Amino acid sequence: MKPSTIFHLLFLFLNFSSFFLASYARGGLHQSNHADYVDKNYGGSMRRLYAENNFLSEEEHFQRLEKLAQGYMSNSDLEKAIKAFNGRCSNISRIYSIGKSVLGVPLWAMEISDRPGEKEAEPAFKFIGNVHGDEPLGRELLLLLANWICDNYMKDQLATLIVDNIHLHILPSMNPDGYSLRKRGNANNIDLNRDFPDQFFPMNDDLDSRQPETEAIMNWLEEIHFTASASLHGGALVANYPWDGTEDRKKNYYACPDDKTFRFLASVYSKSHHNMSLSKEFPQGITNGAFWYPIYGGMQDWSYIHHGCFELTLEISDNKWPHASEIPTLWEYNKMSMLNLVASLVKTGIHGRIVSSDRGRPLPATIAIRGINYTIPASKPFADYHRLLAPREKYEVIATMPGYRTKSACIVLGEAAMTIDFVLDPETTHPGSQLLDDSDCYFENKTSLKVLELLPMANLELSIILILILIFLCFLMNRKVISNYLYQRQSIGPKRPAVL
């Protein structure tokens, strides 16, 4: 048994009452199990994918969307708007294409930063709109967002914070073909949010059959390390977080390793929104994707698993295709949510750099959090890392690099972000580098934590003897107190009533 484990057990014994209370209150992650639910039985919780055209023919539905499209930008209008934005905001932006759609339409992206196109020790965030062709509101809102940041840089504190400290990338339309065809899928009628490799089932692994829009996104994440991301959808009003699927295809709450952090990020969006957090269908306006209804081949889970990108799926309107007259109102409803979500990359979490002690060289090490089965890499050029975490929690942060000794730091993360830099020493005694088997961090009880810091960890036997002596002394003191009390009771005797 590890020394720290023995100490923990002994101190838990000394603080038995508080331990019992904590054990009673502490529980595992709530797993709702609705075994009777399968893909066809989601009822009212199903996203409103086809609710608007249940009684319309395909031609009637197309004509309806054609009318709704009036007031929205066409693909040509969108390209002109992106270039116009860059023209007037060239000092803090650049535009580029990440690829082309099936029909050859460029997938234009905008980068907003005080140093656009340059590598910096800063986190990156991306917004993706119009994943589904018949959910176009995201296209409009993302252009409004870009222009608002441009207009308010150096005037508004939040806009300035984002431009100066984050590389914000915006892809207004992932599916321009679906938009022009007025349908959900792309030109090949493929749902792009079901076209990514899946963690539970062997699907979408054939490179030849992968859609060009999907491939463009995957290549994009190979080129740029995004700390976090969000895609904009329509048909509901909720912030959705991983996992999106389950191993048994049943509708259950299926938590990813960073469930607390994702719940926090989703809440940042919902609570900043005009009315998302007031939802009666989704408590606090957020939901675990698999608990809502499971999907497979989604972009959200793939981004988190393969690229360390914390991605949300944001349903920003109950109507999949709102009337154009509603766009200004929906922009006001979502503006602060979008801004606060991006700003959370530097307002919260832990950030730092990892260097070697011998030459001060940047090390592309790995950052882990004890108890969370997930790691993120530091960047190669600067060895900076940006680890999103739920605030008001205690963490042990561990930096690991092959050929160097592992180091850890114990922190209590508050509401604000925290900087933790690591200086790793070259491994001289044992080849390779392993995570610590046990930890000196002990957060169960504040009193226990203070006493543990005073104990001589190098001398286990002496420490145990001292603890046993303390226990024995406590026993003797309690015995003496009880004896004195009984003696006093016997000496005083029962009180007699006063004589008047």
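**View 1. Ile367 and its opposite number in strand 11.** Here Ile367 faces Ile376 of strand 11. This is a predicted model, where local features need pLDDT of at least 70, side-chain atom pairs count only at pLDDT 80 or more, and totals for chains, interfaces and linings use all residues. Numbering starts from 1 along each chain as its sequence is written, and side-chain values use heavy atoms, with hydrogens and water left out. Strand 10 (residues 366–369) is antiparallel to strand 11, and four bridges link them. Strands here are DSSP runs of E, at least two residues, and helices are runs of H or I, at least four, numbered from the N terminus; two strands pair if DSSP finds at least two bridges between them.

View 2. Four strands line up in the order 11-10-13-14, with antiparallel pairing. Strand 11 (372–377) and strand 14 (407–413) are at the edges with a single partner strand each, so one side of each has no neighbour in the sheet.

**View 3. The second largest pocket.** Its volume is about 670 Å³. Of the 30 lining residues, Lys119, Glu223, Ile224, His225 and Ser379 lie nearest the centre. A pocket is an open set of points on a 1 Å grid over the protein atoms alone, where a 1.4 Å probe fits, with protein on both sides within 12 Å along at least five of seven lines; lining residues have an atom within 4 Å of a point. The volume is the space filled by probe spheres set on the points, which are joined across faces, edges and corners. Strand 4 (167–171), helix 8 (212–223), helix 11 (299–307) and strand 12 (384–387) each put at least two residues into the lining.
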